[in-house]
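Below are my notes on this model, as numbered points. Please read them beside the coordinates.

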Amino acid sequence: DLKIYVYSSELKEKHVITDGHLKPIHSFALSNDGTMLAAGDARDVCVYKTADYSKVVGKSKWCFHLQKIEALAWSKDDKVIASGGADDSIYLWSIAKMKRIHYRFAHRGGVVGLAFKEDTPGMTMVSVGRDSCVVQWEVTEDVNKKFG
């Protein structure tokens, strides 16, 4: 129904985000500090504040995937979101700069999992795809150059 239902720890409905997406939602990721929620649908990545569920990034702002977004991950500093889609692409998104980095042909058949490594200096991302491959990406230089 294109809505996001938020529940309390007692499994009681706490909030419903009703106008966030135009397509069915396929992925979620909560920021490391718990203050933001990213959601991915067939093309859009939207970001909400968890305090009041207001939009940080609304629909049609980050809509560059060509097929459904199957994986989302936050960097360890919560400044960058990675999205991976069935279109073989990975995007890195900067909330502060509202810019993106695109990695084409990351996994043949699509990206199904993403995570940022926490035990390394800089910014290292790991992706998993339908091609049965796990790839480690050192993205620190790209992020610094594009996002500042």
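1. Start with serine 83. Its contacts (heavy atoms within 4.5 Å), leaving out residues up to four places away in sequence, are Val45, His65, Ile69, Ala71, Leu72, Ser89, Ile90, Tyr91, Trp93 and Leu114. Serine 83 sits in strand E8. Strands (E, at least two residues) and helices (H or I, at least four) are DSSP runs, numbered from the N terminus.

2. Ground rules. The model is predicted: local features need pLDDT of at least 70, side-chain atom pairs count only at pLDDT 80 or more, and totals for chains, interfaces and linings use all residues. Numbering runs from 1 along each chain as its sequence is written, and side-chain values use heavy atoms, with hydrogens and water left out.

3. Burial of serine 83. Its relative accessibility is 0%, so it counts as buried. The classes are buried under 20% relative accessible area, exposed over 50%, and partly exposed in between (1.4 Å probe, protein chains only). The side chain of serine 83 makes a polar contact of 2.8 Å with that of histidine 65. A polar contact is a pair of N or O atoms within 3.5 Å; within protein, one must be able to donate a hydrogen and the other to accept it, and residues adjacent in sequence count only if both atoms are side-chain atoms.

4. The four-stranded sheet. It is open, antiparallel, and ordered E7-E8-E9-E10. E7 and E10 are the edge strands, each pairing on one side only. Neighbouring strands are turned by 20° against each other on average, direction ignored. Pairing here requires at least two DSSP bridges between two strands. E9 and E10 have five, in the antiparallel sense. Within that pair, isoleucine 90 stands opposite tyrosine 103 in E10. Helix H1 packs on the sheet and touches E8, E9 and E10; its direction makes about 145° with that of E10. Axes are lines fitted to C-alpha atoms, for helices over the stretch in contact, and angles run from 0 to 180 degrees between N-to-C directions.

5. The largest nonpolar core. It has 18 residues, and those with the most contacts inside it include Ile90, Leu114, Met125 and Val143. Such a core is a set of buried Ala, Val, Leu, Ile, Met, Phe, Trp, Tyr and Cys residues joined through side-chain atoms within 4.5 Å. Elements giving two or more residues to this core include strand E7 (69–74), strand E11 (111–116) and helix H1 (140–147). E11 gives the most, with three residues. Another core lies apart from it, with 14 residues, among them Ala29, Val45, Val57 and Ile69.

6. Isoleucine 90 again. Beyond its neighbours within four places in sequence, it contacts residues including Ser83, Tyr103, Leu114, Met125 and Trp137.

7. The three-stranded sheet. This one is also open and antiparallel, in the order E11-E12-E13. E11 and E13 each have a single partner strand, so one side of each is left without a neighbour in the sheet. The twist averages 20° from one strand to the next. E12 (residues 124–129) and E13 (residues 134–138) pair over five bridges. Methionine 125 stands opposite tryptophan 137 in E13. Four residues lie between these strands in their hairpin, where serine 132 takes a positive phi near 65°.

8. Cysteines. With a disulfide defined as a pair of cysteine sulfur atoms within 2.5 Å, the count is zero. For cysteine 63, the nearest cysteine sulfur is that of cysteine 46, 9.2 Å away. Cysteine 63 is partly exposed, at 22% relative accessible area. Cysteine 133 is also partly exposed, at 35%.
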